[in-house]
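Here's a quick briefing to read with the model open beside you.

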Amino acid sequence: MPPSLTPSYEVIAFGAHPDDLEAVMGGTAVKLARSGLSVLFVDLCEGEPARHAARGERHKQAAQAAKILGVDRVTLPLQDRLIRDTVEARLDVARLLRLHRPRMVFATSGAGVHPDHQALTQIVINGVFYARLPKWDGVPGGELLRDTPPHEIQRLFSAIAGWSPLGTGSISPSV
Ligand SMILES: [Zn+2]
């Protein structure tokens with residue numbers, strides 16, 4: 001879709017896997033959406049292979065959850081279990097931010113045992129920074145941002161969850 005036809009969102013929230021965002025900030029998302037703000041959930045991968053579901057089931061559940069919460073949802077093509085803070089991932093995030101031009105960005109906190117969750121936090125922080133930089137011509141990979149103007153968000157929020165090992169006394173959702 002050409003940038004000129006892309007809808008803007010006031011809020012974009014990034015999670016590593018489908019179900020991270022609804023688990024960590026589902027209530028916040030509902031409040032934001034019901035207050036009239038447009039909200040986009042971005043999952044960095046489609047969450048396959050899922051430990052506890054057949055292929056495709058997680059995608060269906062994610063779409064249903066988005067509908068219930070009143071948010072839109074897209075998926076980036078990273079690989080579950082192998083998510084890393086790479087230049088390519090930062091540029092993917094930066095492109096989304098430049099296309100949709102949100103005021104507020106949410107990222108799940110990098111604390112916890114899952115390396116995908118740890119990587120997400122750095123990817124989003126770095127993607128937010130890349131999004132506001134001009135002059136990507138001549139930078140390897142920078143052509144991804146060529147057709148979008150720089151965009152600076154107003155606030156980056158950290159959505160904190162207790163993704164901790166069992167036995168530490170905190171809640172440990174199965175992710
Ligand atoms: Zn997760």
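Confidence in the protein chain is lowest in β5, at a mean of 92, and highest in β2, at 98; pLDDT here is the predictor's confidence in each residue, from 0 to 100. This is a predicted model, and local features need pLDDT of at least 70, side-chain atom pairs count only at pLDDT 80 or more, and totals for chains, interfaces and linings use all residues. Residues are numbered from 1 along each chain as its sequence is written. Helices (H or I, at least four residues) and strands (E, at least two) are DSSP runs, numbered from the N terminus.

- The mean pLDDT of the protein chain is 90, with 89% of its residues reaching 70 or more.
- Over residues 167–175, pLDDT stays under 50, and the model has twelve contacts beyond four places in sequence for that stretch. Two residues are in contact if their C-beta atoms, placed from the backbone, lie within 7 Å.

**Around β2**
- β2 covers residues 39–45, and seven of its seven residues are buried. A residue is buried if 20 or more other C-beta atoms lie within 10 Å of its own, exposed if 12 or fewer, and partly exposed in between, with C-beta atoms placed from the backbone.
- β1 (residues 11–15) pairs with β2 in the parallel sense over five bridges, and Val11 stands opposite Val39 in β2. To pair, two strands need at least two DSSP bridges between them.
- β2 also pairs in the parallel sense with β3 (residues 72–78), again over five bridges; there, Cys45 has Leu78 in β3 as its bridge partner.

**Helix α4**
- α4 (residues 115–131) has 17 residues and reaches 24 Å from its first C-alpha to its last, close to the 24 Å expected at 1.5 Å a residue. The expected span is 1.5 Å times one less than the number of residues.
- Twelve of the 17 residues in α4 are buried, among them Leu120, Ile123, Val124 and Tyr130.
- What covers those buried residues includes β1, β2, α3 (87–100), β4 (104–108) and β5 (155–159).

- Most residues other than glycine have a negative phi, and most peptide bonds are trans.
- The peptide bond from Glu48 to Pro49 is cis, with omega near 0 degrees, and Pro49 sits in the loop between β2 and α2.
- Arg101, in the loop between α3 and β4, has a positive phi near 50 degrees. Arg101 counts as buried because it has 20 C-beta neighbours inside 10 Å.
- Lys135, in the loop between α4 and β5, has a positive phi near 60 degrees. Lys135 has 9 C-beta neighbours inside 10 Å, so it counts as exposed.

**Gly47**
- Gly47 lies in the loop between β2 and α2 and counts as buried because it has 26 C-beta neighbours inside 10 Å.
- Gly47 and His17 are 30 residues apart in sequence but 5.2 Å apart in space, C-alpha to C-alpha.
- Leaving aside neighbours within four places in sequence, Gly47 is in contact with His17, Pro18, Arg58 and Asp80.
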